[in-house]
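Work through the exercises below with the sequence and the model open. Each task is followed by a solution in steps.

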Amino acid sequence: MQSEGSTDGRVGDRVLVLNPVSGSGDHVKEVVERGTEHGFEIRKTEEDGDASRLAREAAPDADLIAAAGGDGTLNGVVNGLAAAGELETTTLAVIPAGTGNNFATNIGIQGIGHAFTVIEAGRRRSIDVGIANDRIFLNSCIGGITAEASSKTTPESKANLGVLAYVKNTFETMGSFDSLPLRVETARGPNGERTRAWEGRAMFVLIGNCRRFTGARTAQANVEDGLLEVTIVEDAAATDLLGDAAMQTLFGRDSNYIVRRRAPSLAIESRRDSVEYSLDGEMLKTETLRIETISRSLRIAVGDDYQPDPDDGLLP
Ligand SMILES: Nc1ncnc2c1ncn2[C@@H]1O[C@H](COP(=O)(O)OP(=O)(O)OP(=O)(O)O)[C@@H](O)[C@H]1O
């Protein structure tokens, strides 16, 4: 671990966890300069797992932890806060320095400079986080995406399409895709009684905490309602899934292949082998996945464009 901006070796009130290789890797100088100016102690990640470890170590003493990197770095930092038991007591700031920066966009943060303006002057909100088995996700948990496809997604494609890029990429890299025999049980009430079940062959299961995947009126879901947006993409072997138009058909509001639910918790069971899930881009392999939200549990600095209820005032 390298540390900059520290005067006495103790963790300061403000700690910035910096991934120096995320995105195109040209953000380091600006983040270090601005971070130091704003009183942050800077800790750079050196390998996988560092974002979580550094955040966990810093959380007991820090009031504010900033994550500079992409969605993966942010995911690590939030998991570190949770591991330290400081999810609700340490404020998180997001400095977008990744490829897609999906989460930063969702909370109204438009760039590195803007992130520091938000840190000093922006609102604080308490938002929901998702937990899949014992791991936290902020944006999404996606089943049916392989690590191979995830790693081959190009930066351009990620920036333009977000999660759809992963879906499209899976088809492009694999040629064909063996759908997953799954049972998905969603709960209706917050106390977890599972009331609805779907069973069949799914190509993908997408669980969104704060981002609408498709057919969306807005780019952001409600991140303070204690609900997850569940989208099951049923096997559609006959469809040509490679074109953008076909993707639109597949994900459009009226598609026959899509099952949509909103639920505070759910369980996904594989009827065959383990399934690979992507949690904000970080992979997890398991046969059974239990997912729930912890409502309004993460205190976070948000930009002016962030809307607590993005549907408010829109026609149904
Ligand atoms: N110093 C480092 N050298 C190499 N890899 C690193 C280093 N620090 C972190 N990593 C790796 O970076 C990955 C996280 O990257 P991150 O998701 O933040 O950026 P990105 O992929 O460019 O952006 P996005 O997820 O927004 O598309 C983690 O898998 C982690 O293992």
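Axes are lines fitted to C-alpha atoms, for helices over the stretch in contact, and angles run from 0 to 180 degrees between N-to-C directions. Helices (H or I, at least four residues) and strands (E, at least two) are DSSP runs, numbered from the N terminus. The model is predicted: local features need pLDDT of at least 70, side-chain atom pairs count only at pLDDT 80 or more, and totals for chains, interfaces and linings use all residues. Residue numbers start from 1 along each chain as its sequence is written.

**Exercise 1.** Describe how helix H2 packs with helix H3.

Step 1. H2 spans residues 50–58 and H3 spans residues 71–83; their axes are 7 Å apart, at an angle of about 40°.

Step 2. Contact requires C-beta atoms, placed from the backbone, within 7 Å. Residues that make the contact include Ala 51, Leu 54 and Ala 55 of H2 and Gly 76, Val 77 and Gly 80 of H3.

Step 3. Sorted by class, this contact has six nonpolar, five polar and two charged residues. Ala, Val, Leu, Ile, Met, Phe, Trp, Tyr, Cys and Pro count as nonpolar, Asp, Glu, Lys and Arg as charged, and the others, Gly among them, as polar.

**Exercise 2.** Determine which residues of helix H5 are buried and where they lie around the axis.

Step 1. Count other C-beta atoms, placed from the backbone, within 10 Å of a residue's own: 20 or more means buried, 12 or fewer exposed, and in between partly exposed.

Step 2. In H5 (residues 112–121), the buried residues are Ala 115, Phe 116, Val 118 and Ile 119.

Step 3. Seen down the axis, they fall within an arc of 155° (taken from the directions from the helix axis to the C-beta atoms), so they line one face of H5.

Step 4. Gly 113, Glu 120 and Ala 121 are exposed on the other side of H5.

Step 5. The buried residues pack against helix H1 (28–37) and strands E4 (64–69), E5 (91–96) and E16.

Conventions
Contact = placed C-beta atoms within 7 Å.
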